[in-house]
Amino acid sequence: YKVTGVQTCALPISTGGGGLVHICNNCVPATYNVSLTTCNNYTNAMGTEFTQSGIYTYTLTSSGGCDSTVVLDLTIADPPVVVINDATICEGDSIALVPSGALTYNWSNAQPAATDGSILIAPEMTTLYTVTGADANGCIASPVDVIVTVIPKPVAAFSFSPLLPDVFQTEVTFTNESVDAAQYSWTIAGNTFRSEEHTSEL
């Protein structure tokens with residue numbers, strides 16, 4: 001062709017060497033190099049699914065007979081793995097839950113995370129939290145549960161007998177009735193006594 005414009009496709013012409021040359025409407029076969037990173041799998045325009053990283057070559061065929069070759073450099077990225085440990089706090093205390101392994105994080109309590117993905121919490125009772133994360137490719141991590149155990153504060157209490165001692169009875173018994181404690185300290189008349197037994201009597 002020596003003029004610009006849309007030309008009509010001719011029949012395939014033999015080159016004499018066993019090949020065929022297609023003369024088409026403004027159609028030039030091309031090769032496209034595509035580099036792609038995705039999560040889990042990738043499905044191309046032809047419906048072919050790829051589940052492993054690698055270099056794949058496939059052909060896109062047009063209605064005019066001009067084919068395009070796609071060379072796909074595909075990376076199937078592994079999803080991130082969020083790591084975080086369970087925690088134990090005393091009643092009334094707060095704690096920062098700091099996950100790792102991802103770029104961004106979402107928490108089940110919908111609390112906005114700090115730049116490092118952490119949240120500051122002060123639960124009143126033992127509570128389960130769930131966190132998910134995403135990496136730079138947008139791959140989503142599996143949810144991870146975090147249990148924050150809240151230990152009640154001990155309550156100090158004691159009783160004594162007799163309730164109404166008289167001048168003829170010089171012995172008074174003090175009985176420990178504290179709750180949720182492991183160690184005990186008594187101060188009586190300026191003297192301090194320690195015990196690890198709940199049923200201590202002084």
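Strands are DSSP runs of type E with at least two residues, numbered from the N terminus. The model is predicted: local features need pLDDT of at least 70, side-chain atom pairs count only at pLDDT 80 or more, and totals for chains, interfaces and linings use all residues. Residues are numbered from 1 along each chain as its sequence is written, and side-chain values use heavy atoms, with hydrogens and water left out.

**Exercise 1. Find the disulfide and say what it ties together.**

Step 1. A disulfide is a covalent bond between the sulfur atoms of two cysteines.

Step 2. Use the cut-off. A pair of cysteine sulfur atoms counts when they are within 2.5 Å. This rule gives 1 disulfide.

Step 3. Name the pair. Cys39 and Cys139 form the disulfide, with sulfur atoms 1.9 Å apart. The angle about the S-S bond is -95 degrees, and the link is left-handed.

Step 4. Locate both ends. Cys39 lies in strand 3 and Cys139 in the loop between strand 12 (127–134) and strand 13 (144–151), so the pair ties together parts that are 100 residues apart in sequence.

Step 5. Check accessibility. Both Cys39 and Cys139 are buried.

**Exercise 2. Describe the sheet with the order 3-7-6.**

Step 1. Know the pairing rule. Two strands pair if DSSP finds at least two bridges between them.

Step 2. Read the order. The 3 strands form an open sheet, 3-7-6, with mixed pairing.

Step 3. Find the edges. Strand 3 (30–39) and strand 6 (54–61) are the edge strands, and each pairs on one side only.

Step 4. From one strand to the next it averages 25 degrees. Axes for such angles are lines fitted to C-alpha atoms, for helices over the stretch in contact, and angles run from 0 to 180 degrees between N-to-C directions.

Step 5. Take one pair. Strand 6 and strand 7 (residues 67–77) run antiparallel and are joined by 8 bridges. Leu60 has Ser68 in strand 7 as its bridge partner.

**Exercise 3. Describe the sheet with the order 8-13-12-10.**

Step 1. Read the order. This open sheet has 4 strands, and its pairing is mixed.

Step 2. Find the edges. They are strand 8 (87–90) and strand 10 (104–107), each pairing on one side only. The twist from one strand to the next averages 30 degrees.

Step 3. Compare senses. Strand 12 and strand 13 run antiparallel, with 5 bridges. Strand 8 and strand 13 pair in the parallel sense over 4 bridges.

Step 4. Tyr129 has Val146 as its bridge partner in strand 13. Thr130 has Asp145 there. Ala87 stands opposite Val148, also in strand 13.

Step 5. Sort the faces of strand 13. The covered face holds Val144, Val146, Val148 and Val150. The uncovered face holds Asp145, Ile147, Thr149 and Ile151.

Step 6. Turn to strand 10. Tyr105 is found there. At 11% relative accessibility, Tyr105 counts as buried. Gly133 is 28 residues from Tyr105 in sequence, and the two are 4.3 Å apart in space, C-alpha to C-alpha.

Methods
Buried means under 20% relative accessible area, exposed over 50%, partly exposed in between (1.4 Å probe, protein chains only).
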